[in-house]
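Here's a quick tour for anyone opening this one up for the first time. Have a look at the chain, then read on.

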Amino acid sequence: MDFALDEQQRDFAASIDAALGAADLPGAIRAWSAGDTGPGRKVWEQLANLGVTALAVPEKFDGIGAEPADLVVALERLGRWCVPGPVAESIAVAPILLADDERCAGLASGELIATVAMPPHAPRAVDAETAGLVLLADERGVTEAAPAEEHESVDPSRRLYDVTASGEPWQADVKRAYEFGALATAAQLVGAAEALLNGAVDYAKQRSQFGRVIGSYQAIKHKLADAHIAIELARPLVYGAALSQEPRDVSAAKAAASDAALLTARASLQTHGAIGFTQEHDLSLWLLRVQALRSAWGTPEAHRRRVLEAL
């Protein structure tokens, strides 16, 4: 089976990279962590202009109604640039939970950013205080919700909230929404891992130790090669899950992407050395995002358990 992207998908990914590469994402992430969502919302406006926020929205609400593989293309690039906000929740999950609700038009245009809590695997909502719409979904249905107690996250740019139902429930395909949440998170992890690997490779070509650039040492080469292999093994699982949409495949993709991102984060931190431990270095933003996304929409252990149960 051929998982290669077609020309249109490659051009779409390149357009996202061009737009986000020109933005100050590290500055936007730090501002979001400090409670200033202004710079981050400008990034979301760019995503809306590119059609990213409309990908999963039906055409009758001015959406694109794209295939899941197209959604994965976009989410991987958003992970690559560490876009702040409830990315998986608003772009991939909320359109499914809202279904025929006219508020989907707001999601498509980017005027509405939604977040979702879905116990037990996503018990708290990301950025519930700043999102325009908070949803709570379980086997009984979907309701609007209000933010309650705030909880610390390993990633300061991802504020987590308990939520309480605040409206009448409606029925939606909650199970499918969960699969899309896990798949979107796996795609972001692959993108984040790619960013970490690229940064480590560039740094290894510049930093010298004992009179040689550290990239010339076999130990560094092997660590970075292992990270590259892990990413290239995880990526086809993510795209394969997008095509099949089977729970077992989604879980395999999420577990593999989580492992690849963690391995790459460790290799990148070891390559950078002491500077990688500082908050001032941009590397810290990606390291913390990887740690947060590994447990988002199901831990690697939970997804491995689901794969085992499906075999």
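C82 counts as buried, at 1% relative accessibility, where buried means under 20% relative accessible area, exposed over 50%, and partly exposed in between (1.4 Å probe, protein chains only). This is a predicted model, so local features need pLDDT of at least 70 and side-chain atom pairs count only at pLDDT 80 or more, while totals for chains, interfaces and linings use all residues. Residues are numbered from 1 along each chain as its sequence is written, and side-chain values use heavy atoms, with hydrogens and water left out.

- C82 has a positive phi of about 60° although it is not a glycine, and C82 sits in the loop between α4 and α5. Helices (H or I, at least four residues) and strands (E, at least two) are DSSP runs, numbered from the N terminus.
- D62 also has a positive phi, about 65°, without being a glycine. You'll find D62 in the loop between α3 and α4 (68-80).
- Is D62 buried or exposed? D62 is exposed, with a relative accessible area of 67%.
- P119 and P120 are joined by a cis peptide bond, with omega of about 10°. P120 belongs to the loop between β1 (114-117) and β2 (125-126).

**Two buried threonines**

- T143 is part of strand β4 (residues 141-151) and is buried, with a relative accessible area of 10%.
- Not counting residues up to four places away in sequence, T143 touches V134, L135, L136, A165, G167, E168, P169 and W170. Contact here means heavy atoms within 4.5 Å.
- T37 is in the loop between α2 and α3 (38-50), and T37 is buried too, with a relative accessible area of 14%.
- Which residues is T37 in contact with, leaving aside its neighbours within four places in sequence? They are W32 and T130.

- In soluble globular proteins, nonpolar side chains tend to be buried together.
- The largest nonpolar core has 92 residues, and those with the most contacts inside it are L20, V52, L78, V83, L97, M118 and W297. The largest share of this core, 18 residues, comes from α7.
- A nonpolar core is a set of buried Ala, Val, Leu, Ile, Met, Phe, Trp, Tyr and Cys residues joined through side-chain atoms within 4.5 Å.
- Take L20: leaving aside neighbours within four places in sequence, L20 is in contact with L25, V43, L47, R77, L78, W81 and V83.
- Another core lies apart from the largest one, with eight residues, among them A125, A128, A145 and Y161.

**Pockets**

- On a 1 Å grid over the protein atoms alone, a pocket is an open set of points with protein on both sides within 12 Å along at least five of seven lines, a cavity is a set of points where a 1.4 Å probe fits but cannot get out, and lining residues have an atom within 4 Å of a point.
- The largest pocket holds about 430 Å³ of space; grid points are joined across faces, edges and corners, and a volume is the space filled by probe spheres set on the points.
- Its lining has 22 residues, with P119, P120, H121, K175 and Y178 nearest the centre. The largest share of that lining, five residues, comes from α11.
- The second largest pocket has a volume of about 320 Å³. Of its 19 lining residues, A195, G199, D282, L283 and W286 lie nearest the centre.
- For the second largest pocket, α7 supplies the largest share of the lining, seven residues.

**The cavity**

- The largest cavity is lined by 13 residues, and A88, E89, R158, Q188 and L293 lie nearest its centre.
- Among the elements, α5 gives the most to this lining, with three residues.

**Domains in the record**

- UniProt, in an unreviewed entry, lists residues 7-96 as "domain: Acyl-CoA dehydrogenase/oxidase N-terminal". That span is 68% helix and 0% strand, and its end C-alpha atoms lie 27 Å apart.
- The unreviewed UniProt entry lists residues 178-310 as "domain: Acyl-CoA dehydrogenase/oxidase C-terminal". Here the span is 80% helix and 3% strand, with end C-alpha atoms 17 Å apart.
- UniProt positions are given in the numbering used here, feature names are shortened, and annotations may be inferred rather than shown by experiment.
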